[in-house]
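Visitor: I've just opened this one and would like to talk it through with you. Could you take me around?

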Amino acid sequence: PLGKSIRRTIIQSARVADTLDEQWESFSDKLRDKSRCDEVTGRRLYDNGKRKDGSSIGNPGLGELCEKRGMESLDAELGKDVLGMGVESALIAVAN
């Protein structure tokens with residue numbers, strides 16, 4: 001009973017933390033300048049504010065992609081290679 005109670009409390013706390021994180025992310029996304037786009041990375045820029053003298057605070061952070069792109073399909077050969085490496089790593093880990 002005590003172990004279950006502790007686990008239940010931990011899970012509830014994690015859910016609360018996840019909810020707060022989602023709300024914070026939504027709030028911070030609304031603050032981003034939707035018109036500024038970094039040409040190198042293709043991501044939206046948002047700044048960290050200005051000092052009293054007008055200079056920027058830190059480097060601008062990167063946000064979402066400026067142009068939404070769909071998911072590209074995984075190359076079958078690459079998928080086989082990754083799967084093979086995973087199996088090989090698991091076998092090495094089990095052997096040790």
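**A walk around the chain**

Guide: Leucine 78 lies in helix α2, and please keep in mind throughout that this is a predicted model.

Visitor: Let me step back a bit. How many helices and strands does the chain have?

Guide: There are 2 helices and 2 strands in the chain, and read along the sequence they follow the pattern α-β-β-α.

Visitor: What share of the residues is buried?

Guide: Of the 96 residues in the chain, 7% are buried.

Visitor: Switching to aromatics, how many aromatic pairs are there?

Guide: The count comes to 1 aromatic pair. Tryptophan 24 and phenylalanine 27 form that pair, with 5.5 Å from centre to centre and 45° between the planes, and the arrangement is tilted.

Visitor: Where do tryptophan 24 and phenylalanine 27 lie?

Guide: Both lie in helix α1, which spans residues 2-31, and they are 3 residues apart, about one turn of the helix. Tryptophan 24 is exposed, with a relative accessible area of 57%, whereas phenylalanine 27 is partly exposed at 43%.

Visitor: What about charge, which residues gather in the negative patch on the surface?

Guide: Asp18, Asp21, Glu22 and Glu25 gather there as a patch of negative charge. Aspartate 21, one of them, is found in helix α1, and with a relative accessibility of 46% it counts as partly exposed.

Visitor: Last one, where is glutamate 67?

Guide: Glutamate 67 sits in the loop between β2 (61-65) and α2 (76-95), and it counts as exposed because its relative accessibility is 63%.

Visitor: How far is its C-alpha atom from that of arginine 43?

Guide: The C-alpha atoms of glutamate 67 and arginine 43 are separated by 8.1 Å, while the two residues are 24 residues apart along the chain.

Definitions and conventions:
Residues are numbered from 1 along each chain as its sequence is written. This is a predicted model: local features need pLDDT of at least 70, side-chain atom pairs count only at pLDDT 80 or more; totals for chains, interfaces and linings use all residues. Side-chain values use heavy atoms; hydrogens and water are left out. Rings of Phe, Tyr and Trp (its six-membered ring) pair if their centres lie within 6.5 Å; planes under 30 degrees apart count as stacked, over 60 as edge-to-face and the rest as tilted. Helices (H or I, at least four residues) and strands (E, at least two) are DSSP runs, numbered from the N terminus. Buried means under 20% relative accessible area, exposed over 50%, partly exposed in between (1.4 Å probe, protein chains only). Patches are made of residues with over 30% relative accessible area and no salt bridge: like charges are joined within 9 Å, nonpolar side chains (Val, Leu, Ile, Met, Phe, Trp, Tyr) within 5 Å. Accessible areas come from the Shrake-Rupley method with a 1.4 Å probe; for residues, only the protein chains shown count as cover. A salt bridge is a side-chain nitrogen of Lys or Arg within 4 Å of a carboxyl oxygen of Asp or Glu. Lys and Arg count as positive and Asp and Glu as negative; His and the chain ends are not counted. The place of a charge is taken as NZ of Lys, CZ of Arg, CG of Asp or CD of Glu.
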